[in-house]
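Welcome! Here is a short briefing to read beside the structure, grouped by topic so that you can follow along.

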Amino acid sequence: MEKLEEIALDIRRSIFKTVYHNRAGHLASCLSSVEILVALYFGGVMKYNTANPNMADRDRLILSKGHVALAIYHVLAKAGYFDAKEVSTFCKEGTFFGGLTTYGKIPGIETTTGSLGHGLSFAAGVAMMGQSDRCKYNVYTLIGDGELQEGEIWEAAMFIINHKLTNHTIIIDNNGIQATGYGKDIINLEDIAQKWEAFGFSVIEVDGHSIPALLESIHKRTDKPKVIIANTIKGKGLSFAENKGDWHYKMPSEEEVTQGLLDLDMTREELSNYEK
């Protein structure tokens, strides 16, 4: 667990460095998803082969919350899919590493996402294909809580339950904040767990920044499709951004960069050590 926590901190630092140098990316949204991604890729959950990214029986992560692209890029680089230096081209002209994930250009990316709400329907199809063909892979879909306002999410939920897709796990990054403010002030979803249970899912609610809790919930066997509500903090790790409704798109000021270095226990030299 100590090693996994170190990886999570390293990913946070890498995200912060990239945003600082490239002045692009959804910083706060990426930071709320870090432990979820670390648990999946480094906690002995997902089956993958970096030397053969298209291995037929690999587990699939569908990143419906496509604007956390920068986080998944650094996770995939850490896992060994490609050199971390490649991520330094993030959102630069001619790069494959855009602000939203694109399928076919970057090994380890399973689908093109960005228009919120669509990822779960795609994942349901992938899970159904695997179940129909008796393939031994699992599908994990990471969605943001703001996406739950999309009707397509609940259409996909009915499809998943109807076809008993137990090879599929939904993980909700439940940070309570979306692009234009706090979710409860835009469309109040009230009791999320109750809604998923009413659709027929097995629901587990955990601290989304506790890797042990995440791993326990992922490994827990159920006889129904599973939803993990990971309660997270938007901007986790940066004191000036945590739980702030205006940090969906913002870039840190120099004063905030100084505070971020303290929060992440980084030096200016480490921040400057960056491949452009």
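**A first look**

A polar atom in the side chain of Asn-22 lies 2.8 Å from the backbone oxygen of Phe-90, a polar contact (a pair of N or O atoms within 3.5 Å; within protein, one must be able to donate a hydrogen and the other to accept it, and residues adjacent in sequence count only if both atoms are side-chain atoms). This is a predicted model, in which local features need pLDDT of at least 70 and side-chain atom pairs count only at pLDDT 80 or more, while totals for chains, interfaces and linings use all residues. Residues are numbered from 1 along each chain as its sequence is written, and side-chain values use heavy atoms, leaving out hydrogens and water.

**Around Asn-22**

- Asn-22 belongs to helix H1 (residues 2-22); helices (H or I, at least four residues) and strands (E, at least two) are DSSP runs, numbered from the N terminus.
- The side chain of Asn-22 also reaches the backbone oxygen of Ser-88, at 3.1 Å.
- Asn-22 counts as buried because its relative accessibility is 9%; buried means under 20% relative accessible area, exposed over 50%, and partly exposed in between (1.4 Å probe, protein chains only).
- Leaving aside neighbours within four places in sequence, Asn-22 is in contact with Ser-88, Thr-89, Phe-90, Lys-92 and Tyr-274, where contact means heavy atoms within 4.5 Å.

**Helix H1 and what follows**

- H1 has 21 residues and spans 30 Å from its first C-alpha to its last, close to the 30 Å expected at 1.5 Å a residue; the expected span is 1.5 Å times one less than the number of residues.
- Among the buried residues of H1 are Leu-4, Ile-7, Ile-11, Ile-15 and Asn-22.
- The partners against which the buried residues of H1 pack include helix H2 (27-32), helix H3 (34-42) and H4.
- Arg-23 sits in the loop between H1 and H2 and has a positive phi of about 55° although it is not a glycine.
- With 44% relative accessibility, Arg-23 counts as partly exposed.

**Nonpolar cores**

- The largest nonpolar core has 60 residues, and Ile-15, Phe-16, Leu-40, Tyr-41, Leu-61, Ile-72 and Tyr-73 have the most contacts inside it; such a core is a set of buried Ala, Val, Leu, Ile, Met, Phe, Trp, Tyr and Cys residues joined through side-chain atoms within 4.5 Å.
- Helix H4 (residues 69-79) gives this core its largest share, nine residues.
- A second, separate core of 26 residues includes Val-126, Ala-127, Phe-201 and Ile-229.
- Not counting residues up to four places away in sequence, Tyr-41 touches several residues, including Met-46, Leu-61, Ile-72 and Gly-108.

**The sheet**

- Five strands form an open, parallel sheet in the order E1-E2-E3-E7-E6; two strands pair if DSSP finds at least two bridges between them.
- Strands E1 (60-63) and E6 (202-207) are at the edges with a single partner strand each, so one side of each has no neighbour in the sheet.
- E1 is joined to strand E2 (residues 139-144) by four bridges, and the two run parallel.
- Leu-61 has Tyr-140 as its bridge partner in E2.
- E2 and E3 pair in the parallel sense over six bridges, with His-168 as the bridge partner of Val-139.
- In strand E3 (residues 168-174), seven of seven residues are buried.

**Another positive phi**

- Lys-164, in the loop between helix H6 (151-162) and E3, has a positive phi near 50°.
- Lys-164 counts as exposed because its relative accessibility is 58%.
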